[in-house]
Amino acid sequence: MVFVVQASTSVEPQALPTGAEIRAQLDRIRSSAEFDAPERARRFLTYVVEETIIGRADRIKAYSIATEVFGRDSSFDAQTDPAVRIEAGRIRRALELYYLVAGQEDPVIVTIPKGGYVPAFRYNHPEPRGEIQLLSQEKPIDHTGWRAPSTRLWLALFAALGLAIVLFSMDRISRQSVDQENAVSRTTHPQVGPGLPILLVEPFEDLSGAPNSQTIARGLTDEVISQISKFKEIVVVTGQTPAASAASARGNAGSLYALEGRVRVDDQKLRMSARLLNRTDGSVVWANNYDKVLKVTDLLELEADIARAVATTLAQPYGIIFQADAAHMARSPPDDWEAYACTLAYYGYRANLSPQTHTSVQSCLKRAVERYPNYATAWALLSLTYLDEFRFRYRLDSPSSPSLDLATESARRATELDPQNVRALQAQMLAYFFRGDIDTALHVGARAFAINPNDTELSGEYGFRLALSGQWTTGCKLVTEAVSRNPGPLGYFEAALAVCAYISKDYATAERLARLADLRANPIYHVILLAILGKLGRTDDAAIERQWLESNAPMLLKNIRQEVSLRVFRPEDQHQFIEGLRKAGVAVPGE
């Protein structure tokens with residue numbers, strides 16, 4: 001028997017899957033680690049699929065799901081209780097990600113079309129990806145229980161994103177002229193030429209009418225704008241300014257989002273409800289509530305706390321806006337996103353620090369600064385790719401590589417264009433550090449951290465520099481805090497924490513963190529793991545790491561003392577690393 005349920009009009013009726021095939025696909029989905037959904041969502045999916053297969057699709061309503069799957073009583077009211085709607089959104093996103101990562105070649109596609117809860121089934125045709133989306137368009141969605149994508153999902157997304165950008169850049173490489181419209185002065189409206197996402201922050205609404213509540217709503221609006229505007233990878237405009245209308249009307253800009261907020265003040269309690277909308281289709285991308293006890297004496301700090309939380313969640317690399325744009329870019333890169341696409345690709349490269357990915361991302365950023373020479377963030381990220389050539393020893397076969405000089409010059413250009421750009425200051429900090437000017441490096445890092453402590457990429461890197469300069473307690477604490485607030489791939493910072501554990505002589509924890517980081521393509525990762533295994537006396541495992549380095553980065557081991565001193569400032573800390581490498585079987589020249 002063939003079951004036809006809300007099938008796409010492009011699929012012939014006789015081509016739809018059977019009940020047995022659908023059940024087999026359901027088992028395939030539920031058993032996959034890439035189906036990233038909680039147990040209740042899995043029961044939900046099983047229920048609606050089975051009900052449809054046995055011919056009871058007409059019974060699938062919010063009420064039946066709530067009572068039969070969630071165990072709600074007969075008083076359940078879908079109009080006031082969004083539980084079913086929220087869970088459906090999670091299932092849609094989990095299915096979309098599953099088919100992007102693990103299910104691309106599965107024989108049957110299972111979806112839950114928006115507007116209802118009845119699933120649809122079809123065979124997997126040769127080009128199904130155009131129908132797969134990473135963001136649900138259901139509204140409203142409550143993401144209070146939102147979970148960051150798993151590392152494997154991030155890596156798959158970045159692989160798709162990287163391929164899209166490479167193909168896109170090949171198509172655009174011959175375009176040398178600068179679009180005059182994209183070079184409009186910042187004094188007239190936001191610079192959106194590189195395709196940066198635009199965030200319209202609407203004035204937050206006062207719902208209570210209590211004394212001073214309108215003032216609080218205005219204060220929260222201003223503070224959120226202030227905190228988000230510190231992130232230079234997006235453009236922030238207010239909903240009441242002419243710039244907002246101009247940005248919205250510009251067809252060649254990047255993605256357009258709107259942040260809405262509602263403030264309630266009741267009995268010395270403050271609740272701020274916020275949600276992020278995709279202005280293109282009206283979908284709710286993210287929503288959350290922030291509750292605080294209201295005290296007049298610390299009102300400004302209270303507003304700042306909420307604003308910092310919102311800014312970090314939405315605007316940092318790997319945050320909500322980044323995820324939405326990376327997913328969109330992986331599907332279909334628009335014509336005028338080339339420069340911004342390169343910034344997305346850079347953070348994708350950060351997931352595994354692979355030399356191969358590094359080369360394509362660096363080439364993309366070189367073209368970006370040629371086309372948009374005033375785009376400070378692109379110069380900063382280009383500087384970081386040059387620095388990675390140097391610090392991760394990607395090109396050891398080229399002893400005269402000018403990577404550090406190029407990194408320094410690119411960082412200088414970035415900071416001249418935008419002295420408040422945290423990514424530019426981060427690049428400058430690292431350039432000074434690897435030149436051996438530790439004091440200046442930490443001074444620049446402290447300045448960047450003061451500008452935007454909510455940027456976890458900056459705070460983690462600054463913390464690691466502090467640690468390597470000898471301030472291990474302060475620096476490692478900062479790295480730990482950055483990891484706890486960063487929703488993206490954490491391999492680089494987990495490796496940093498492995499170094500922290502090594503210096504504190506907790507070698508078992510150091511190995512666990514290093515294994516967790518798993519930056520297998522990166523030479524320095526293998527050096528860290530090799531020293532740890534040496535301290536643990538794991539000679540067989542150490543031999544495997546040593547063999548990898550001898551095959552892939554032999555010059556690194558030949559100059560290992562110099563390589564350690566380049567990264568670790570204090571002689572006693574250098575000695576501890578060298579000691580671990582010696583115990584791992586590395587031939588290190590005498591003191």
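A residue counts as buried when its relative accessible area is under 20%, and as exposed when that area is over 50%. Arg393 has a relative accessible area of 15%, so Arg393 is buried. The model is predicted.

**Aromatic pairs**

- The structure contains 17 aromatic pairs.
- In one of them, the ring centres of Tyr346 and Tyr347 are 5.3 Å apart and the planes stand at 75°, so this pair is edge-to-face.
- Tyr346 and Tyr347 are both buried.
- The rings of Phe390 and Phe434 also make a pair, with centres 6.0 Å apart and planes at 75°; because planes over 60 degrees apart count as edge-to-face, this pair falls in that class.
- One aromatic cluster is made up of Tyr318, Phe322, Tyr346, Tyr347 and Tyr349.

**Charges over rings**

- Arg40 sits over the face of Phe70, at 4.0 Å from the ring centre.

**Largest cavity**

- Five cavities of 30 Å³ or more are found.
- The largest cavity has a volume of about 330 Å³.
- It is lined by 23 residues, and those closest to its centre are Phe464, Val499, Ile524, Ile528 and Arg567.
- Two or more lining residues come from each of helix 16 (456–468), helix 18 (491–503), helix 20 (523–536) and helix 23 (560–567).
- By class, the lining of the largest cavity has 18 nonpolar, one polar and four charged residues.

**Second largest cavity**

- The second largest cavity has a volume of about 90 Å³.
- Its lining residues include Glu233, Ile234, Gln316, Pro317, Thr343 and Leu344.
- Phe322 and Tyr347, both members of the aromatic cluster, are also among the residues that line the second largest cavity.
- Helix 8 (299–315), helix 9 (320–331) and helix 10 (338–349) each contribute at least two residues to this lining.
- Helix 10 contributes the most to the lining of the second largest cavity, with four residues.
- The lining of the second largest cavity divides into nine nonpolar, two polar and one charged residues.

**Buried charge**

- Glu563 is located in helix 23.
- The relative accessibility of Glu563 is 5%, so Glu563 counts as buried.

- Arg393 lies in the loop between helix 12 and helix 13 (403–417).
- Lys505 has phi near 70°, likewise a positive value in a residue other than glycine.
- Lys505 lies in the loop between helix 18 and helix 19 (507–517).
- Lys505 is exposed because its relative accessible area is 58%, whereas Arg393 is buried at 15%.

Definitions and conventions. Residues numbered from 1 in each chain as written. Predicted model: local features only at pLDDT ≥ 70, side-chain atom pairs only at ≥ 80, totals over all residues. Heavy atoms only, no water. Phe/Tyr/Trp six-rings, centres within 6.5 Å; stacked < 30°, edge-to-face > 60°. Buried < 20%, exposed > 50% of the residue type's maximum accessible area, 1.4 Å probe, protein only. Lys NZ or Arg CZ within 6 Å of the ring centre and 35° of its normal. 1 Å grid on protein atoms, 1.4 Å probe; cavity = no way out; pocket = protein on both sides within 12 Å on 5 of 7 lines; lining within 4 Å. Points joined across faces, edges and corners; volume = space filled by probe spheres on them. Nonpolar A, V, L, I, M, F, W, Y, C, P; charged D, E, K, R; others polar.
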